[in-house]
Amino acid sequence: MRALTEYRSLVFDCDGVLLDSNRVKTEAFYQAALPFGESAANALVRYHVANGGVSRYRKFEYFLSEIVRHEDMDPLNELLSRYAERVREGLLACRVADGLGELRSALPKSNWMIVSGGDQGELREVFEARGLSDYFNGGIFGSPTDKQAILLRELNCGNLVLPALFLGDSRYDYESAMKFGLDFVFISQWTEFSGWQEYFADQPTAVVHYESIRSLID
């Protein structure tokens with residue numbers, strides 16, 4: 001990993017990195033799926049936790065097709081609506097990562113962006129409401145566009161410029177960073193990635209572990 005001042009772009013995942021919102025979303029998945037039964041709701045939670053960083057759209061599609069084996073996708077919009085209602089309230093109230101403003105002040109020339117599995121419109125609304133939008137001069141991006149598609153698009157248009165650093169808390173974050181040549185920092189403070197220590201110990205590409213964003217500047 002380079003010195004932070006050498007990176008032209010910083011890419012942040014949102015849940016578990018910028019906001020203490022992983023538990024908010026896990027509970028929202030459970031409650032959204034509960035009308036299909038407790039067993040089905042628990043199965044969705046297990047799938048969600050095992051696939052951190054993947055959009056809600058793909059998770060609910062999997063839920064309908066593979067967990068409850070519904071004959072069509074008709075309930076999808078209702079599931080998404082129930083989920084979004086619970087999530088928005090939680091995102092507006094949950095803790096923001098300590099040291100975020102100080103890190104932004106220390107890196108005034110770098111281009112910051114959010115690339116999240118969360119809903120793009122929801123993210124932009126929440127970060128604006130919480131007075132955090134101005135930190136991310138490179139933009140706030142999310143689903144339904146997949147993280148890897150976002151990274152490719154932003155690289156191609158010149159908004160995401162290498163060398164770049166991805167700060168994430170999931171396997172998918174790491175895989176996405178590696179695919180496009182970004183360095184990677186794993187933030188463990190709020191992660192739901194069980195077994196991350198063993199996973200990263202076996203990876204051929206070095207991963208720097210920090211407990212929190214605060215650790216980057218302390």
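Reader: Phe184, buried or exposed?
Author: Phe184 is buried, at a relative accessible area of 2%. Buried means under 20% relative accessible area, with a 1.4 Å probe and protein chains only.

Reader: What am I looking at, though?
Author: This is a predicted model, where local features need pLDDT of at least 70, side-chain atom pairs count only at pLDDT 80 or more, and totals for chains, interfaces and linings use all residues. Residues are numbered from 1 along each chain as its sequence is written, and side-chain values use heavy atoms, leaving out hydrogens and water.

Reader: How many aromatic pairs are there in the whole structure?
Author: A search finds 22. Rings of Phe, Tyr and Trp (its six-membered ring) pair if their centres lie within 6.5 Å; planes under 30 degrees apart are stacked, over 60 edge-to-face, the rest tilted.

Reader: What about Trp112 and Phe136?
Author: They form a tilted pair, 5.9 Å centre to centre with 45° between the planes. Trp112 is in strand β2 and Phe136 in the loop between α6 and β3, 24 residues apart. Helices (H or I, at least four residues) and strands (E, at least two) are DSSP runs, numbered from the N terminus.

Reader: Is Trp112 buried or exposed?
Author: Trp112 counts as buried because its relative accessibility is 0%.

Reader: Which residue lies over the face of Trp112?
Author: Arg104, at 4.3 Å from the ring centre. The test is NZ of Lys or CZ of Arg within 6 Å of the ring centre and within 35 degrees of the ring normal.

Notes
Buried means under 20% relative accessible area, exposed over 50%, partly exposed in between (1.4 Å probe, protein chains only).
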